[in-house]
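Here is a note for a colleague who is meeting this structure for the first time. Please read the numbered points with the sequence and the model side by side.

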Amino acid sequence: DRIIQALTNLMINAIRYTPEGGSVTLGISNRDGMLQCVVSDTGEGISAVDQTKLFDKFSRVSKEKREGTGLGLCITKDIITLHHGEISVQSEEHKGSTFMFVIPMRYEKAIQGPVPAE
């Protein structure tokens, strides 16, 4: 249930920050026994400076006032970390963002530790 919550948080953000006519894509795959989920958008993007605080509590990087508490990405990161996974972001202003997380698909992989994101 929590993995679905994490994925939903990423999808909602992608939709929220992508203008009409833009696109949001979701990719899910098995990468060497790790579940890999990728959410990409063609939205406003995130500056390099803002990316450093993106997963902090109450962090809001958009200049526009939008709904939300600034907790979604912090909660998402906590969920992924508690499932022995890792989350990352690649973004460029005015070109969109890609959020990716990996988590072990089996318990044996989880106790060995997370696999670094590429």
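1. The structure holds zero disulfides, a disulfide being a pair of cysteine sulfur atoms within 2.5 Å. Cys-37 is buried at a relative accessible area of 3%, and Cys-74 is buried at 8%; here buried means under 20% relative accessible area, exposed means over 50%, and partly exposed lies in between, with a 1.4 Å probe and protein chains only.

2. A word on the basis of these points: this is a predicted model, in which local features need pLDDT of at least 70 and side-chain atom pairs count only at pLDDT 80 or more, while totals for chains, interfaces and linings use all residues. Residues are numbered from 1 along each chain as its sequence is written, and side-chain values use heavy atoms, with hydrogens and water left out.

3. The largest nonpolar core has 18 residues, of which Leu-10, Leu-54, Phe-55, Ile-80, Phe-99 and Phe-101 touch the most other members. Such a core is a set of buried Ala, Val, Leu, Ile, Met, Phe, Trp, Tyr and Cys residues joined through side-chain atoms within 4.5 Å. Two or more residues come from each of helix 1 (2–16), strand 2 (34–41), helix 3 (72–82), strand 3 (86–92) and strand 4 (96–104), and helix 1 gives the most, with five residues. Helices (H or I, at least four residues) and strands (E, at least two) are DSSP runs, numbered from the N terminus. In soluble globular proteins, nonpolar side chains tend to be buried together.

4. A search of the whole structure finds one aromatic pair. The rings of Phe-55 and Phe-99 have their centres 6.4 Å apart and their planes at 85°, so this pair is edge-to-face; by definition, rings of Phe, Tyr and Trp (its six-membered ring) pair if their centres lie within 6.5 Å, with planes under 30 degrees apart counted as stacked, over 60 as edge-to-face and the rest as tilted. Because Phe-55 lies in the loop between helix 2 (48–51) and helix 3, and Phe-99 in strand 4, the pair ties together parts that are 44 residues apart in sequence. Phe-55 counts as buried at 16% relative accessibility, and Phe-99 counts as buried at 8%. Leaving aside neighbours within four places in sequence, Phe-55 is in contact (heavy atoms within 4.5 Å) with Leu-73, Cys-74, Lys-77, Ile-87, Val-89 and Phe-99.

5. Val-39, in strand 2, is buried with a relative accessible area of 2%. Not counting residues up to four places away in sequence, Val-39 touches several residues, among them Leu-7, Leu-10, Met-11, Ala-14, Val-24 and Phe-99. The C-alpha atoms of Val-39 and Phe-101 are separated by 9.1 Å, although these residues are 62 apart along the chain.

6. In helix 3, the buried residues are Leu-73, Cys-74, Thr-76, Ile-79 and Ile-80, and what covers them includes helix 1, strand 3 and strand 4.

7. Which backbone angles deserve a second look? Most residues other than glycine have a negative phi, and most peptide bonds are trans. Just after helix 3, His-84 takes a positive phi of about 60°; His-84 lies in the loop between helix 3 and strand 3 and is partly exposed, with a relative accessible area of 36%. His-94, likewise not a glycine, has a positive phi of about 70°; His-94 sits in the loop between strand 3 and strand 4, where His-94 is exposed, with a relative accessible area of 71%.
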